[in-house]
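Let's take a walk through a protein model together. Keep the sequence and the 3D view open while you read.

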Amino acid sequence: MDMQSHAGVDLDLLEDVLAQYQGQRGALIPILQKAQDVYGYLPPQVLQRIARSTGVAVSKVYGVATFYAQFYLQKRGRHILKLCDGTACHVKGTPVLATALEDHFGVQPGQTTEDGALTVEVVYCLGSCALAPVAVLDGQVMGRMRQEMLVRTVQKQVGAAGGEEV
Ligand code: FES
């Protein structure tokens, strides 16, 4: 496991959460949720600490954390862009959008920019196929996206850093 990329995680911040659920059975999911609220994701040392505290096997803690889509095991950016690559969106140009993001921000789907500003995630059908291709930036749904518009919107949201002028 690569501890290097998860350096700087302060386990003390977890103590309140663990104390709150001390001795409660079946509290693993709420503990994971609160831990993710604290750290933004679930680093390996946090999962190990939760396992020790709850008495649940580390493998089971990992199993639960990877089973639920709400949990993230990798660090996420301060801004989250979701690109829909369901059939309708794919046909209407999601691959072009993904290429534009890579060209301008150096980030591929599933990755986070080195400065931690932006994470790009792929989702499959948001139920808005009539608006394809659809992207969601920090929870805001944007339909009929074109590459210039997407790059400009992301640049504006993320700030000047991390993108070239279009
Ligand atoms: S395929 Fe993208 S919203 Fe349905």
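Predicted model: local features only at pLDDT ≥ 70, side-chain atom pairs only at ≥ 80, totals over all residues.

Residues are numbered from 1 along each chain as its sequence is written.

What is the protein chain built from? It has seven helices and four strands. Here helices (H or I, at least four residues) and strands (E, at least two) are DSSP runs, numbered from the N terminus. The C-alpha atoms fill a box of roughly 50 × 30 × 25 Å along the principal axes.

The domain assignment, an automatic or database one, gives domain 1 (8–67) and domain 2 (79–158). Their C-alpha centres lie 31 Å apart. Of the 166 residues in the protein chain, 25% are buried. A residue is buried if 20 or more other C-beta atoms lie within 10 Å of its own, exposed if 12 or fewer, and partly exposed in between, with C-beta atoms placed from the backbone.

Now for contacts. Two residues are in contact if their C-beta atoms, placed from the backbone, lie within 7 Å. Among the contacts in the protein chain with a separation of 6 or more, 59% are between residues 24 or more positions apart.

Next, find helix α3 (residues 44–54) and helix α4 (residues 58–67). Their axes come within 9 Å and cross at roughly 125°. Such axes are lines fitted to C-alpha atoms, for helices over the stretch in contact, and angles run from 0 to 180 degrees between N-to-C directions. α3 and α4 are therefore oblique to each other: angles under 35 degrees count as roughly parallel, over 145 as roughly antiparallel, 65 to 115 as roughly perpendicular and the rest as oblique. On the α3 side, L47, Q48, I50 and A51 make the contact, and they meet V58, V61, Y62 and A65 of α4. Sort these residues and you get seven nonpolar, one polar and no charged. For that sorting, Ala, Val, Leu, Ile, Met, Phe, Trp, Tyr, Cys and Pro count as nonpolar, Asp, Glu, Lys and Arg as charged, and the others, Gly among them, as polar.

R52 is also found in α3. Is R52 buried or exposed? It counts as exposed, because it has 12 C-beta neighbours inside 10 Å. R52 and R78 are 26 residues apart in sequence and 30 Å apart in space, C-alpha to C-alpha.

Another pair to look at is helix α6 (residues 94–105) with helix α7 (residues 147–158), packed at an angle of about 45° with axes 9 Å apart. That makes α6 oblique to α7. The contact is made by V96, L97, A100, H104 and F105 of α6 and Q147, L150, V151 and V154 of α7. This group divides into seven nonpolar, two polar and no charged.

Finally, visit the loops. Between β2 (118–123) and β3 (135–137) sits P133, joined to A132 by a cis peptide bond with omega about -5°. C125 is found in the loop between β2 and β3 too. Its phi is near 65°, a positive value in a residue other than glycine. C125 is partly exposed, with 15 other C-beta atoms within 10 Å. In the loop between β3 and β4 (140–142) you'll find D138, which has a positive phi of about 50° although it is not a glycine. D138 is exposed, with 12 other C-beta atoms within 10 Å.
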